[in-house]
Each structure stands twice: as C-alpha cells, then as structure tokens.
Amino acid sequence: MNNLKSNLPFFLNDCSQKTILTYFQNTWQLEDILLKSIQNEETFYINPDPLRNPLIFYLGHSAVFYINKLISVGLLKKRLNPNYEILFELGVDPDNAEQLNAAIAHINWPKVEAVWDYRNQAYNTIIEVIKNTAISLPIHQNHPLWGLMMGMEHQRIHFETSSMLIRQFPVEKLKRPQGWQYAPSQGIPNHNKMILVQGGTVKLGKSEDFPLFGWDSEYGDRLVNVESFFASQSLITNAEFREFVNSNGYENQEYWDDKSWQWKQENNVKHPKFWHIENGNYQYRAMFDNLELPLDWPVEVNYYEAMAYCRWKGPETRLMSEAEWNLATYKSIENQTPLEIENIHNYNLNLKFGSPSPVGLLKTAESASGLWDLRGNVWEWLEETFNPLPGFKPHFLYEDNAAPFFDNNHKMMLGGAWVTQGTEALRFYRNWFRPNFYQHAGFRIVQN
C-alpha cells in the first residue's frame, strides 16, 4: 500500500525528536486517510455495529485522548475544547445493543465539520508540544512523554477499531483509498493438517524497563509449563468453515452453549458476519468492496462461532491457550531469540496487505513449530478469558485500560491482524474482546 505505509515503532532508549515527530505524523495521517474514505457526513452518524459508537465518536476520540493525556503529564496547560474532551473521551463496552443505545441516547453529536476542525487544531497543538519538549532518554513509564507514546499507540489501535466499523457500511458510502491493495486468492487451500508442537516452558510478560512502549497488561512475569499438543497448521479457512455452515452448523444447538445460542437466535446469525449470499453463492465483504469468497483466506468469526466449530469437529477439539500460542510462536524459554522490530515485515501485519491473505502465503510467517500465520493475517481467538499477569499494576495515566476487563466476560486474542500496527503488532501485546464481538479475528484448532 504505497501511500499507506505504516512506520515501525521505535526503541525509547534510542530515539530523537525527529523520530517521534515522524512517527506521530504517520500515525495521524493513516487515521485521516481511513476516515476520509467516508463519502458523506451523514454516514458518520450511522451506527453500523450495534455494539460500538457511531463513527462520529471515533472521529474525535483519538485527538481528545492525546489532549487529555498531555494535560495529565503537564506538557499541555490549556484545554482546546472542554466539552469535546469529555464527550469524546470514554469508549463503550456494552454486553448488547440495548446497553449501548441507553448509554448514547441522550447525546447530541456535534457537526462533522466541527470535529474535523478540532482534530486539525489538536494535530497542530501536538506538533508544537513535540517540537518544544526536550528529549531526555530513556522515555520510561513515569516520563512525561509516556503520555505522548500512549496517544500514538492508542490512535493506531483505533485505526483498527474504525476499520471494523467502516467495513460494515454499504460499499456505496465509501471510497477505497488510493493504493489500498487486497491480497490475492489462490482458490481452494490444501488440507489443513494437524502438527505436533513439542511441549516446553514459556515466560509470559515483560519487564518494567523494556525499551518499547507497552500497555499495563503486558507487564508481569508468568512461567508456564506446556504439554505437547496438536494444532492445525493454518488458521481455519473460509473453505473449511463453509463445510460447517453447509452441514447446518448454525442450526444445530448441540454445537452452541446457552449464551452463544441465545446470541445466535436473537441476531438471526446464519453464517460469518462478512459473508453474504448473492445468486445462491457466498460473497465476501472486504474493507471497501464485495468479492468472491476467498476460500484460502482465514475465516473471520467471533469467539462463539469459533467454539461452535470446535464442538462440530469433536469433543477433543478446542482453541489454543495463551501459553501454547507463545510456545508455538517463540519456542520454549531456553530457545527464545531477542525481539527484533524489523521482523514485522515478515508477516501480514502493519498494512502489508489491505486484507487477510491466503494461509501459508508468506513463507516468512512459518514458525519453527511448523504452524503458519501465528503472527498477522487475522487475530487468533484463545480459549481463556483476559487475565492479569503476576505483578500487574494499572498505569496511572490510563487506569481503566485493562483492569475493568478482568471480569471473565472477555476472551483473549493474540498475534495481530493485517491492519494491526505499532507496538500492538509486536510480541507482548495481549488483546481481548467480548465473545460476541468481531475484530478481524479467526482461530485455529487444537487437540491434546
């Protein structure tokens, strides 16, 4: 994607004012390009996803986040718009559409043009903060510039969030950005064989002084002994999941637990969200276009659908655990190699493509364990709920980042997707969503 190049994150013990400024400008411009794909102002007030705010919220949210954090750390003294800096500050995490509607029913959203003006004002303000702040290294968790780092990584996460909303609008409301390239599809994939992954010990979490930005949920120290297991070589593809759909998997209640069956019935779900039927065949909704269903791309589903597929495959079939994923991806603790930021180019991450890609397409994304696309392509749902690592402490700048979600209602996902950027695309990021949410996520199957 020539004009959608996403810069790599940088080490906080070896950076300059120019490095920070360039990364900030790239971060902001990418979100601008994505949001400018919307063809008319009315679309910003439509809510295409019943579990998320309308897009007008996300138009203002990233800018407000920066301003509020820079004020918190003392790098900015004066607010730009106190009303906006309350209105656009807090996101939502509803259990259902009724909860969301109740939360936002009273809101009188401002005009789109006014929010764009605010964004531009915020952009220029942040540029001045960067230019006028002396850079003392390293930038650590108590450094004033940590608030700026947090703003940039937060904005990259919201590029992904907004992409999920935009993907649900009718294509006629959108204009695909110049240079946005989908991956090829090569037809029906080869058999997805089960691979033996040898057991070992893994270490989860990173140290407080790790020289890259991190969210509070990434820090800690947990050693886990992992038994050997079998895992599907590739993520489950659209072709494989189509077999489940065609065998009436969505109609057979024995593949669903009570909660997921209720969700499926209430929402009349009959197939994955980004499939639709045209002339008797399944079509696929990519970001800005409808395509023939790419059978060799990984299927994108929520946790409920992934678990239903596992039950269909048999009682011994399940999703991967966090420790198993780390073992398969990075090997046991005694065989791990140092983190290299540059190897992000080996995977379908960081906007390498504007879509998922055929499983196994990138030979550089083959792991030492023999599994494909553990990093990149689409997020991988895990079997366990989001949990704190030993030693977890909420960061004072964003105490609600992770702590409220250690509630047994949010499932983990790892590995990143094609759209994932920044430090979220690196090894230690731990992602989570409610099991009924969609987030460019798929899964692979595991057996003991």
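# Close-up views of a predicted model

**View 1. Helix H10 and its buried residues.** The buried residues of H10 are Glu322, Ala323, Glu324, Trp325, Asn326, Leu327, Ala328, Thr329 and Tyr330. A residue is called buried under 20% relative accessible area, exposed over 50%, and partly exposed in between, using a 1.4 Å probe and protein chains only. Because 9 of the 9 residues of H10 are buried, this helix is largely enclosed by the rest of the structure. After H10 comes Lys331, with a positive phi near 70°. Helices (H or I, at least four residues) and strands (E, at least two) are DSSP runs, numbered from the N terminus.

This is a predicted model, in which local features need pLDDT of at least 70 and side-chain atom pairs count only at pLDDT 80 or more, while totals for chains, interfaces and linings use all residues. Residues are numbered from 1 along each chain as its sequence is written, and side-chain values use heavy atoms, leaving out hydrogens and water.

**View 2. The largest cavity and its lining.** Rolling a probe the size of a water molecule over the atoms shows where empty space is left. Here a cavity is a set of points, on a 1 Å grid over the protein atoms alone, where a 1.4 Å probe fits but cannot get out; lining residues have an atom within 4 Å of a point. Grid points are joined across faces, edges and corners, and a volume is the space filled by probe spheres set on the points. The count by this rule is 4 cavities of 30 Å³ or more, and the largest cavity holds about 90 Å³ of space. Its lining consists of Lys203, Leu204, Gly205, Glu322, Trp325, Asn326, Leu389, Leu414, Arg427, Phe428, Tyr429 and Arg430. Strand S2 (200-204) and helix H10 (322-330) each give at least two residues to this lining, and H10 has the largest share, with 3 residues. By class, the lining of the largest cavity has 6 nonpolar, 2 polar and 4 charged residues. Ala, Val, Leu, Ile, Met, Phe, Trp, Tyr, Cys and Pro count as nonpolar, Asp, Glu, Lys and Arg as charged, and the others, Gly among them, as polar.

**View 3. The second largest cavity.** This cavity holds about 60 Å³ of space. Among the residues that line the second largest cavity are Trp325, Tyr330, Arg375, Trp379, Glu424, Arg427 and Tyr429. The lining of the second largest cavity divides into 6 nonpolar, 2 polar and 3 charged residues.

**View 4. The sheet around strand S9.** Strands of a sheet pair through backbone hydrogen bonds, either parallel or antiparallel. Two strands are taken to pair if DSSP finds at least two bridges between them. The 4 strands of this open sheet follow the order S11-S10-S9-S12, with mixed pairing. Its edge strands, S11 (431-433) and S12, each pair on one side only. S9 (residues 379-385) is largely enclosed by the rest of the structure, because 5 of its 7 residues are buried. S9 and S10 (residues 411-414) are antiparallel and share 3 bridges, whereas S9 and S12 (residues 441-442) run parallel and are joined by 2 bridges. Glu380 has Leu414 as its bridge partner in S10 and Gly442 as its bridge partner in S12. Trp381 stands opposite Met413 in S10.

**View 5. Helix H1 and the helices it packs against.** The 19 residues of H1 (residues 17-35) should span 27 Å at 1.5 Å a residue, and the end C-alpha atoms are 27 Å apart, which agrees. The expected span is 1.5 Å times one less than the number of residues. Buried residues of H1 include Ile20, Tyr23, Phe24, Trp28, Glu31 and Leu35. The buried residues of H1 pack against helix H2 (55-72), helix H5 (112-132) and helix H6 (146-166).

**View 6. Pro138 and its cis peptide bond.** Most residues other than glycine have a negative phi, and most peptide bonds are trans. The bond joining Leu137 and Pro138 is cis, with omega about 0°. Pro138 lies in the loop between H5 and H6 and is partly exposed, with a relative accessible area of 43%. Leaving aside neighbours within four places in sequence, Pro138 is in contact (heavy atoms within 4.5 Å) with Leu12, Asn13 and His143.

**View 7. Asn248 and Leu351, each with a positive phi.** Asn248 has a phi near 65° and sits in the loop between helix H7 (238-246) and helix H8 (258-266). With a relative accessible area of 46%, Asn248 is partly exposed. Leu351 also has a phi near 65°, and its place is in the loop between H10 and S9. Leu351 counts as buried, at 4% relative accessibility.

Methods:
On a 1 Å grid over the protein atoms alone, a cavity is a set of points where a 1.4 Å probe fits but cannot get out, and a pocket is an open set with protein on both sides within 12 Å along at least five of seven lines; lining residues have an atom within 4 Å of a point.
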